[in-house]
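Biologist: I would like to go through a model feature by feature. Please give the general idea, then the case at hand.

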Amino acid sequence: MRITLAAAGLAGLLVLTACGSGGDETASGPAALRMTVWTGNAEHLDLLNAIAADYLKTHKDVASIKFDTLPLENYTTTLTTQMAGGNAPDLAWILENSAPDFVGSGALAPLDNLVKPEEFAPATTKLWQRDGKLYAYPFSTSPFGVFVNEDLLKQAGQKVPKAGWTWEQAVETAAAVNAKTGKAGLVVRDFDYKGWDNLATVWGGWGAEAWSEDGRTCGFTKPEMVEAMTFLHKAIFEKKALPGPGTTADFFAGEAAMTITQISRASLLKDATFTWDLIPLPTGPKGGYSVIGQAGVGVVKKSPNAAKAADFLAFLSNPDNAGKLGQFFPPPRTPLLTADGLGKSNPLLKPEQLQQVVIDGIANGRVKPNHAGQAELAQTVRAGLDPLWQPGADVAKTLAGVCAAIQPMLAK
């Protein structure tokens, strides 16, 4: 019988994939390790391959290490299908929205071999722990900031924003850019009217949450969320501050004045033809805030090479390599979370940018929405929000519909 994500659900599917034995006792000869990743960025992969090559020089029991890129839009579905179909990787890059399912299912091996886990910043490990054990290394803990095209703002007669700016100022500036230049004002990267959890970078300014801290109560009908989404709807459809549905604009190609994203994208500005800055998210009615995107790397419990995979992960995550990876993926180790430390691997970013957006963001931020059964929840929320993305939509009614659809899932 074929097990599918839709039939079994992510959590149930992972429980099934966790069954059975794993470990090196079933493997013979040098191991060929495979780690699934979502990134196809050449610079990311070059760095990962360079670290793997260093490891292979001194570990003759591992023949090769392959980084297998799976498309981001269906990354988790593809990964779990591989795991259920007997083609599980040895290590897997796991996104924060599916962390509760992976960690809670038993599909991952506990990481007892990582050196000095006490060095991890507390905020970085919460998602990846169960019963006091770490099940995935918090590979990337990356707060969102706003990249700004200073030249385009000046062309539109707008002042370049600085830390402490407000959402009202952000929208007014973005609307002016669109009106005067025809280019996009502000882009929430990777949202595209599908990736709704990226809107946490907006509604966080109102203190809104998709669901309660314990995950059992829908937050879409709370006054803070209604106010935030009403503000966003007006910004899109009345003020034209954000590109509407069906319209794309790439900040890094000079097509937008501002974009909300993470420092891993900074490498796209290496050959930029415009002057740019990186600043914290605008403040909202509830003041300043930070939103964090996270990813962990775990060892798949059923892997016949689980012990060797865990040893490579310890190498990948040691202070030296974590520092190198900090160019794209801010590390969880507190000693490395300094402007000087991050600056060594992020030459394009200034110490002030790293301090305000990354270091302060990790210290004070909240991780993007995540919940057990996230795959089904995410699809249901996305479908529930679809009526919102048109002029004249009834915001409160639409959000009430979202809660009506997901509250039974949350209450389980």
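Biologist: How many salt bridges does the count come to?

Modeller: This is a predicted model. The count comes to 15 salt bridges, with a side-chain nitrogen of Lys or Arg within 4 Å of a carboxyl oxygen of Asp or Glu as the rule.

Biologist: Which residue forms a salt bridge with E96, and which parts does the pair tie together?

Modeller: The partner of E96 is K368, with 3.8 Å between the closest N and O atoms. E96 sits in the loop between β3 and α5, and K368 in the loop between β12 and α15, so the pair ties together parts 272 residues apart in sequence.

Biologist: Is E96 buried or exposed, and what of K368?

Modeller: Buried means under 20% relative accessible area. E96 has 6%, so E96 is buried. K368 has 8% and also counts as buried.

Biologist: Where do D190 and R265 lie?

Modeller: D190 is in the loop between β8 and α9, and R265 is in the loop between β9 and β10. Their salt bridge has its closest N and O atoms 2.7 Å apart, and it ties together parts that are 75 residues apart in sequence. D190 is partly exposed at 43% relative accessible area, whereas R265 counts as buried at 17%.

Biologist: How many residues apart are D54 and K57 in helix α3?

Modeller: They are three residues apart, which means a separation of about one helical turn. Their side chains meet in a salt bridge with an N to O distance of 3.5 Å. D54 is partly exposed at 30% relative accessibility, while K57 is exposed at 58%.

Biologist: Which residues are linked in a network of salt bridges?

Modeller: K126, E209, E213 and R366 are linked in such a network.

Biologist: Now the sheet. In what order do the four strands come?

Modeller: In general, strands of a sheet pair through backbone hydrogen bonds, either parallel or antiparallel. Here the order is β8-β9-β7-β10, in an open sheet with mixed pairing. β8 and β10 are the edge strands, each pairing on one side only. Neighbouring strands are turned against each other by 15 degrees on average, direction ignored.

Biologist: How many bridges join β7 to β10?

Modeller: Four bridges join them, and the two strands run antiparallel. V146 has I279 in β10 as its bridge partner.

Biologist: Which helices pack on the sheet?

Modeller: Helix α8 packs on the sheet and touches β8 and β9, its direction making about 130 degrees with that of β8. Helix α14 also packs on the sheet, touching β7 and β10, and its direction makes about 35 degrees with that of β10.

Technical notes:
Residues numbered from 1 in each chain as written. Predicted model: local features only at pLDDT ≥ 70, side-chain atom pairs only at ≥ 80, totals over all residues. Heavy atoms only, no water. Pairing = 2+ DSSP bridges. Axes fitted to C-alpha atoms, helices over the stretch in contact; angles between N-to-C directions. Contact = heavy atoms within 4.5 Å. Buried < 20%, exposed > 50% of the residue type's maximum accessible area, 1.4 Å probe, protein only.
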